[in-house]
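These are my notebook entries on a multi-chain model. I record what I looked up, one topic at a time.

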Amino acid sequence: MVPMSTRHILLGLLATGPSHGYDLKRRHDERFPQARPLAYGQVYTTLQRLVRDGLAEVEGTDSDGGPERTVYRSTDDGSSELSRWAGEIAPPAPFVTNEIFAKVVVSILSNGDPDAYLRAQRTAHMERMRELTAVKTAKDADLATVLSADYALNHLDADLRWMTTTAARLTTLTAEVDAA
Amino acid sequence: MSNNGGTPVPLLAGRDLARKHGRTQALRGASLELHTGEILAVTGTSGSGKSTLLHCLAGIVRPDQGSVVYAGQRLDQLPEKRLSVLRRTDFGVVFQFGQLIPELTAQDNVALPLMLAGTARTQAHARAGEWLERFGVRGQEELRPGELSGGQAQRVALARALVTGPKVVFADEPTGALDSLATEQVMTALVHAVRESGTSVLLITHDAQVAAYADREVRLIDGAVAAEVAA
Amino acid sequence: MNGEARAGAHTGARPGIMTDLRLAWQLTRGSDRREWWRVGLTAAGAALATGFALAAAVLASLRGYYRVPVGNGLLNAPGERSGVIVSLLLLLVPVLGFLGQCARIGAVHRDRRLAGLRLAGATPAQVRRIAGLETGLACLLGSTVATVTALAVLLSRWDHPVTLVWFWFALIALGVPVLGAAAGALALRRVVTSPLGWVRRVRPGSGRGVGLLFLGAVLLVVLTAVLAVAGTSATGPGRGYGQVQLLMFGLVLAVGAGTVWLAGATAGVTGRLLAARARSAATLIAAERLRADPWATARTHAAVLLVTVVGTGFVGIRRTLLTELNGMRERHTPGMGMSFYTTGLNLTAAAIAVALAITMSGLAVGTAESLAGRRRGLAAQAAAGVPRAVLGRALLLETALPLAPAVAVAGVGGMAIGVWYASLPKHGEAGLPYVALLVPVGVYACCLLAAATSLPLLRRSVRPAELRYV
């Protein structure tokens, strides 16, 4: 998967209007339901870097009854950088970092049981897929939730298919790894 | 789905099922249990005996060996006539395609099981209409299977399988001929409907994404159960 | 180099008739049992057609009074001979219906195979030729067998046949396979235009192509019959007699042609009306199937109706004639020996019985084929708990529903012929031939029986093993 650019996602959220850090975090977690939630610290350091690079600026403060918060807004440079990034294609799998494959090979090298490992991994994958499917079939699931769950489901499914064909060809793989 | 302690009696249980098809041994000692309100996925590569297992459990074929117990009755020992009645009243079936009668309209297809059970046609039509609406095929009642899209036809087939209020729905690759969006619509419709009515589902599929709609998965390898994966 | 390769491909893509013939032969040889059924039944039909046509041709080649060593002298005079010729040619009608039904055996499978040929790069004309040759080969087999048998019989009974006979023999022996090939090519013309669509889609119901073919064939038969009758009667003494027969022939044909249309139309109307009102599942399924494809059965049903018209008419005429003959015998004035007349009547009765048998075979073949074509669907119905009895009832109703009104009308038509004949001034005292009314009832019963022969096949069709295959 391509690493997410928190900078650009925050810039995108700012594109709808000025906002403060807490609000940005809340909106992020809402908009990308199955993604890893943003930490507050990460939101504030990223916002400061955006200001430093001239892509965002401080609009003012807003207390709204509670503690005082800094409100940020996007600059013109910020919106042009955002549209550049949004139009840029994501590099399709630049490096194959396949932890499962690495474990299978290591398991063969160390005379372990790669087949048992693959079965256990499959079980874990299926369980996660069931969780995600339950999330998306819930009666009140909105489209964003369904789509982000689908994204993860398709990737897990791809892993599963790969594991199934690998399990079927373990004998050949073992011979190949042992010979090398 | 969690059971509140103890070992509840399964609604449907197959034990040590063996069945030959010509010279190939399709099933060799497969066992599984299906509980009330549970969606159970049976997965495996093609030729692993999934369909034969479903046929045995649904009373469509008799196993050569082993037993099938449904609600306290030995299905493998029931006469064909009673099996036929049971399949009509307690079971619903959905196949990949072909279960709808091509000459009948969507509504008549769904009404058919009710008419077979003796319901008057107008009443059967009304019930069929309700089910078609639940499956989002309202407005297509008068179309015939050839005029429906694959996804619509499968939703009509689901409506037909559920219209009699069966205890178990047997679905053999119900989405096998559908694209991913139609698959999602059909499976979501199925899950919602059976969750509401507490119907059990035995779902045969080779697609992990479809199996993920189930509560539990049983994997068949060479006609026997390889692993059971509980939620 | 590229151009060269293309040129090479072009020469390869111009196969002659021999390549087609070889392909047709390979396809026939490599096909399954059902295909051999088709070949066998088509050959049998072609043999019957050849046999009837040859017999008619031999009789038609005689001029004037001629001593024929069979049939108690019935064939000696041109007047009676022309009657026999007409009967023989009329027998071709049910045979054609039967052949049409045979062409449908394995049609779905064959459509798929020919569409596959198209996808593999065969030209439309080539596929049409191959399809034609497949049927043509089966017909050739039948016509050869029939011709050889006929030759043997002819040479053993007739020392010096007239030369005209040889011309007819050659024409018929070759004509039947050629006509069969043409019909085969015609029947598959739609596969050729849509190789892909045909493979998956449920065929839309239209038997018009084959219906037109049937009508064309009937017209051909009529023309030949008219010519034959005109030929034999011209040199004989009984000219007026031939004209009465022509009139009867026309009457039979008019009622017959009406019933062809009636068969399809009643199937459609019955289906539509019943589909809306059906209360039981079996009636609903049967009615909707009729509505979807009313012409599917029209071909065989048309032959059924023709047999009904002819049969009813014949029984009526027979009764009148017999009454009259008995009266004559009491007055000791029969024109010829009694056996002369009874042989004629018995021969006609036999011809009608043969026609009925052929028609019923066609009907049975058609029902079996319709079952075989939707085995998977039927197996799915049975798996879903639709009782076999309901499927069986629907199958019988499909035959019974549209035939009831059509057979009734055909019976009335035949009865009209009988009544008309009885009312001719010369048979004044004969009375009305009510016995004839039993014929439509009998034919209807036979139809149900013929359809019922498919019930064992239904039992085999709904086996769950069928669920495994598309």
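**Entry 1. Domains of chain A**

I looked up the separation of the two domains of chain A and found that the C-alpha centres of domain 1 and domain 2 lie 35 Å apart. The assignment places domain 1 of chain A at 6-87 and domain 2 at 99-179; such bounds come from an automatic or database domain assignment. I note that this is a predicted model, in which local features need pLDDT of at least 70 and side-chain atom pairs count only at pLDDT 80 or more, while totals for chains, interfaces and linings use all residues. Residues are numbered from 1 along each chain as its sequence is written, and chains are lettered from A and ligands numbered from 1 in the order in which they are written.

Five residues of domain 1 of chain A are in contact with five residues of domain 2 of chain A. On the domain 1 side, three residues are nonpolar, one is polar and one is charged. For these classes, Ala, Val, Leu, Ile, Met, Phe, Trp, Tyr, Cys and Pro count as nonpolar, Asp, Glu, Lys and Arg as charged, and the others, Gly among them, as polar.

**Entry 2. Sheet of chain A**

I looked up the strand order and found an open sheet of three strands, β1-β3-β2 of chain A, with antiparallel pairing. Helices (H or I, at least four residues) and strands (E, at least two) are DSSP runs, numbered from the N terminus, and two strands pair if DSSP finds at least two bridges between them. At the edges are β1 (19-20) and β2 (56-62) of chain A, each pairing on one side only. Two bridges link β1(A) with β3 (residues 69-74) of chain A in the antiparallel sense; Ser19(A) has Tyr72(A) as its bridge partner in β3(A).

Helix α3 (residues 40-52) of chain A lies across β2 and β3 of chain A and runs at about 125 degrees to β2(A). Here axes are lines fitted to C-alpha atoms, for helices over the stretch in contact, and angles run from 0 to 180 degrees between N-to-C directions.

**Entry 3. Sheet of chain B**

Four strands of chain B form an open sheet in the order β2-β1-β4-β5, with antiparallel pairing. Each of the edge strands, β2 (24-34) and β5 (73-74) of chain B, has a single partner strand, so one side of each is left without a neighbour in the sheet.

I followed β1 (residues 12-21) of chain B to its partners. Eight bridges pair β1(B) with β2(B) in the antiparallel sense, and Gly14(B) stands opposite Leu32(B) in β2(B). The hairpin of β1(B) and β2(B) has two residues between the strands, and there Gly22(B) takes a positive phi near 60 degrees. To β4 (residues 65-70) of chain B, β1(B) is joined by five bridges, again antiparallel. In β4(B), Gln65(B) is the bridge partner of Ala18(B), and Tyr70(B) stands opposite Leu12(B). Helix α1 (residues 50-57) of chain B lies across β1, β2 and β4 of chain B, at about 125 degrees to β1(B).

**Entry 4. Contacts between chains**

The contact of chain B with chain A takes 10 residues from chain B and 11 residues from chain A. On the chain B side, α6 (180-197), α7 (208-211) and β10 (224-229) each supply at least two residues.

I next looked up chain C against chain B: 24 residues of chain C are in contact with 21 residues of chain B. Helix α12(C) gives the most to the chain C side, with six residues. That side divides into 14 nonpolar, four polar and six charged residues.

**Entry 5. Helix packing in chain C**

The axes of α12 (residues 281-292) and α16 (residues 388-423) of chain C come within 8 Å and cross at roughly 50 degrees. The two helices are therefore oblique to each other; angles under 35 degrees count as roughly parallel, over 145 as roughly antiparallel, 65 to 115 as roughly perpendicular and the rest as oblique.

Helix α16(C) also packs with α17 (residues 438-452) of chain C, at an angle of about 160 degrees and with axes 9 Å apart. That makes α16(C) roughly antiparallel to α17(C).

Key: Two residues are in contact if their C-beta atoms, placed from the backbone, lie within 7 Å.
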